Amino acid sequence: MASALLDGARVARRPTGPVLALLVAVVCLLVGPAVVTLALLPVFGMSALALVEGPMGLGTQLVLLLSFLGASGVLAVWVLVKERRPLASLGFFPASRIGAHLALGAGVAVLLLAVPVVVNLAGGQYLVGPVRFAQVGAVLLALVGFTAQACTEEVVSRGFLLQAAYRKWGLTAAILFQAVVFALLHGSNFDVGVLPLINVLLVGLVLGLWAVAEGSLWGVCAFHVVWNWCQGNVAGIQVSGMDIQATLLSLDPEPGSADLITGGGFGVEGSIITTFVLVVATALALRVVQKRRLVSTGTA
């Protein structure tokens with residue numbers, strides 16, 4: 001069974017190899033956000049120092065997340081000018097049931113995230129604060145920022161990198177390649193450690209397999225957006241080390257709680273419970289791809 005996502009790079013007149021694609025991805029994620037950040041700082045009336053000092057207020061969060069649009073812009077130029085192919089070929093070809101894919105992605109994100117959160121709550125690992133109804137507007141606005149950030153990471157990882165690697169190395173290697181790069185890109189986050197990186201790697205495997213099975217990026221984009229947003233702005237848990245302040249709820253690890261269970265300063269993505277959930281999700285996603293006979297070690 002063919003996957004429209006894997007066929008996306010076939011329409012490129014001058015396709016990019018996997019090694020060069022990695023370099024392009026790194027440049028996109030370094031240069032693009034830096035340029036947009038410099039442009040947004042005066043708009044939000046902030047200094048660059050505010051981006052690295054103290055808890056992350058809504059303004060800081062929006063600047064950091066919206067800056068990812070710069071990476072999308074740089075990659076768009078590369079795909080259009082160098083590869084000479086439409087941007088939709090990265091994983092957004094017109095498709096039926098887009099709404100269903102988006103709903104499935106959002107629903108699965110909430111379901112998978114609920115497991116470690118509920119386990120921590122039941123085990124008394126979280127200090128639960130009051131509901132902040134006054135923050136509803138800020139929480140909804142933050143969703144825009146996470147949409148820019150998460151969708152950019154999906155286009156770069158599950159779109160551009162996966163396609164480039166698949167052309168030369170086959171699907172199995174491509175799935176592993178984009179997942180490893182995705183994990184390494186999170187290696188500079190606050191409070192990162194071995195277990196958080198393993199979990200981010202597992203997220204990359206799940207979403208890579210999912211995107212191939214679906215044939216597009218609609219579902220994985222929705223998953224990634226909701227996964228990050230629900231952790232940070234809804235539940236009030238650190239997101240990959242980001243201490244977000246505009247939150248609806250406030251779930252902080254209790255003093256003396258086990259970092260192995262809560263994830264510590266990295267957030268629930270660093271929890272061993274999340275590892276278990278993601279291992280199960282990876283196995284299920286792999287099974288779906290295998291049943292559709294999409295796994296291959298040949299070149300595209």
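Mentor: Helices here are DSSP runs of H or I with at least four residues, numbered from the N terminus. Before we go on, this is a predicted model, where local features need pLDDT of at least 70, side-chain atom pairs count only at pLDDT 80 or more, and totals for chains, interfaces and linings use all residues. Residues are numbered from 1 along each chain as its sequence is written, and side-chain values use heavy atoms, with hydrogens and water left out.

So, is Gln 61 buried or exposed? Gln 61 is buried, with a relative accessible area of 0%; buried means under 20% relative accessible area, using a 1.4 Å probe and protein chains only. Leaving aside neighbours within four places in sequence, Gln 61 is in contact (heavy atoms within 4.5 Å) with Met 56, Ala 142, Phe 146, Asn 233 and Ile 244.

Now follow H8 (residues 218-234) to H7 (residues 194-214): their axes come within 8 Å and cross at roughly 145°. Those axes are lines fitted to C-alpha atoms over the stretch in contact, and angles run from 0 to 180 degrees between N-to-C directions. On the H7 side, Leu 207, Trp 210, Ala 211 and Glu 214 meet Trp 218, Gly 219, Val 220 and Phe 223 in H8.

Definitions and conventions
Helix = DSSP H or I, 4+ residues; strand = E, 2+ residues; numbered from the N terminus. Buried < 20%, exposed > 50% of the residue type's maximum accessible area, 1.4 Å probe, protein only.
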